[in-house]
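Open the model in your viewer and keep the selection panel at hand. The stops below say what to select and what is found there.

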Amino acid sequence: MAVNYNNPLFEVIRNPDRCIKCRVCERQCANEVHKYDADLDKMIANEQGCVDCQRCVCLCPTNALKIRPNENQFRPNGNWSMQLMDEVYKQAGSGGVLLSAMGNPQNYPVYWDKILLNASQVTNPPIDPLREPMETKTFLGKKSQKISYDKDGKAHFEKTPYLELDVPIMFSAMSFGSISKNAHESLARAATALGTYYNTGEGGLHRDFYQYGKNTIVQVASGRFGVFKGYLDAGAAVEIKMGQGAKPGIGGHLPGMKVNEEISRTRMIPMGADAISPAPHHDIYSIEDLRQLVNSLKEATGGEKPIIVKIAAVHNVAAIASGIARSGADIIAIDGFRGGTGAAPTRIRDNVGIPIELALASVDSRLRDEGIRNDVSIVAAGSMRSAADVVKAIALGADAVYIATSALMAMGCHLCRSCNTGKCNWGIATQRADLVKRLNPDIAAERLINLVTAWNHEIKEIMGGMGINSIEALRGNRLMLRGVGLNQKELDILGIMHAGE
Amino acid sequence: MKKVYVNEDWCLACHLCEYYCAAANSGKDLIKAFKYSDKKPVPRIKVEEGSEVNFAVQCRHCEGKPCVKGCIAGALSIVDGVVVCDENKCVGCYTCVLSCPFGCIVIDEEGHRIQKCDLCTKNHNGEPACVQGCPNKAIVFEER
């Protein structure tokens, strides 16, 4: 096509005073943006393929590179943004559905940023977490409601399976297929070292990672990839994936191109075959059906493992969560609309779902009102960007949180949102052997451990400031939260007061 | 004795080690060494590239030490297990270049003498520059 309707989104700024023509940018760019021209003895760039992943910038030994948004502009239009116009050109060229990756990047409100935290002054002294014990250990699962005593006065509790977390943070589901084997290994090793859990996602569990089983949550999704007795037995908990925050109501599609020998073995599908997860579970059309699957999985695992049901945050999430709590599930995971994905139709990712803050608050309130909050634990997911977000989530009613985007960032991801291309320059969302080896699990696992350890320190600092020495006392403690710039309806849903009240 | 080893599983053939090595041994920073020098410095480490396997090679400070044995000028010697070259003695006969089984001895940028990896013991880098600069921990400096 002689006419190029889609201008490059970015431009490469190369400082000629710094560039030593070492060509590391050229070697490290899977999108083939940089090139050494021997005739000119110069590095040149073809920016058409640039996704702003920052790999070249990070590797450049002389800081000679900058990637900037392309300054070229269409005629400014308050209605038609450059992005929308660009997408029209793309679709007019391809005739296809637009694909995107990672979480919803659009300019919707972020409620975390409109919630402020409390601290103690005078009457209720703050606690110094470096001097006094501070507890962040978390248990997930049904909480025993009844204590009975036998005739000797010995107490008896209802025993239910649970997960024990040293930090209230787990790594959310990312399948082997959407991310590389090295990325999975890094998550598994980090979860083990941190005393928490990572989640296999729907792609099965690679045989090399069964050794990390006691820190693994195994997922059962609508495609049932890689699910068999050994897989269910390998994990510490089983998660039924009903939905995903980035693409509620949509299944998954791993292109056959990525289904290499290892993935084919792990997912139990032929090599090169597309792995398509249906939008619904074909055996679940009601809460009663869900209950059957929960019970089947409990039976298959001898009733020893908690069952998690993961749903996307959608309009009537509170009623759905209430149903799930009654289905026998031990834990509900709710994934907000900012949650990431390896690939989703752009229109779905950018327009479907609701913010996790509102979903979490309404689910917690609903379960409390119905007196069934202790029947389940709640795990909040869908963009926990910092320890402050985690604290706010727990104060809104979450028992723990799932992180994934920030975990990927710890491994090198720069949120270029091009996972769907399979050419991840950081070796995370790719199956190309030469790219996968760029992620050394020795480095990535350490960085993950660092991140969660740092967040846990910060959580303790914030709790200490509030005069709270145990995460249990923070859970659902919405008095610790105040809204700023929120209207009454939003405050009501969040169940918090406005700052100053 | 601590030596430099390469784990080919993690070597990306980015060639950064070559640049860090050359600059460290030239005593200049990367920009001065490669942009503002009359002759570009020559690295003492070389990345061997294959379609699937890559690895960086530099002097193994090996057991047999054929370079030391073959040196006609007494320029190569062993100091604390490290094979080092006295540039003032080297006459540029290149016997060592021919005898090194790993191809790790190179001719310097002037083209008159040899130079080789001395584990950065002669420059101000401290730990070997290739190890410090490797972005994927493929090159390590350790006891084995």
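Select domain 1 and domain 2 of chain A: their C-alpha centres lie 34 Å apart. Domain 1 covers 10-96, and domain 2 is made of 138-143 + 154-498. The model is predicted. Where these two domains meet, domain 1 of chain A contributes nine residues and domain 2 of chain A contributes seven residues. On the side of domain 1 of chain A that touches domain 2 of chain A, four residues are nonpolar, three polar and two charged.

Now go to the loop between strand 6 (115-117) and strand 7 (138-141) of chain A and select Pro125(A), which lies in it. Is Pro125(A) buried or exposed? Pro125(A) counts as exposed because it has 9 C-beta neighbours inside 10 Å, and the cut-off for exposed is 12 or fewer. Leaving aside neighbours within four places in sequence, Pro125(A) is in contact with Ser120(A) and Gly467(A).

Next, show the largest nonpolar core, a set of 189 residues. Helix 14 (residues 441-466) of chain A gives the largest share of this core, ten residues. The residues with the most contacts inside the core include Ile332(A), Ile334(A), Leu360(A) and Val379(A) from chain A, and Cys130(B) from chain B. Centre on Ile334(A).

Finish on chain B. Colour domain 1 (1-58 + 120-144) and domain 2 (61-116) of chain B separately. How many Å separate the centres of domain 1 of chain B and domain 2 of chain B? Taken over C-alpha atoms, the separation is 19 Å. Ten residues of domain 1 of chain B are in contact with ten residues of domain 2 of chain B. The side of domain 1 of chain B that touches domain 2 of chain B has four nonpolar, two polar and four charged residues.

Terms used
Residues are numbered from 1 along each chain as its sequence is written. Chains are lettered from A and ligands numbered from 1 in the order in which they are written. This is a predicted model: local features need pLDDT of at least 70, side-chain atom pairs count only at pLDDT 80 or more; totals for chains, interfaces and linings use all residues. A nonpolar core is a set of buried Ala, Val, Leu, Ile, Met, Phe, Trp, Tyr and Cys residues joined through C-beta atoms within 7 Å. A residue is buried if 20 or more other C-beta atoms lie within 10 Å of its own, exposed if 12 or fewer, and partly exposed in between; C-beta atoms are placed from the backbone. Helices (H or I, at least four residues) and strands (E, at least two) are DSSP runs, numbered from the N terminus. Domain bounds come from an automatic or database domain assignment. Ala, Val, Leu, Ile, Met, Phe, Trp, Tyr, Cys and Pro count as nonpolar, Asp, Glu, Lys and Arg as charged, and the others, Gly among them, as polar.
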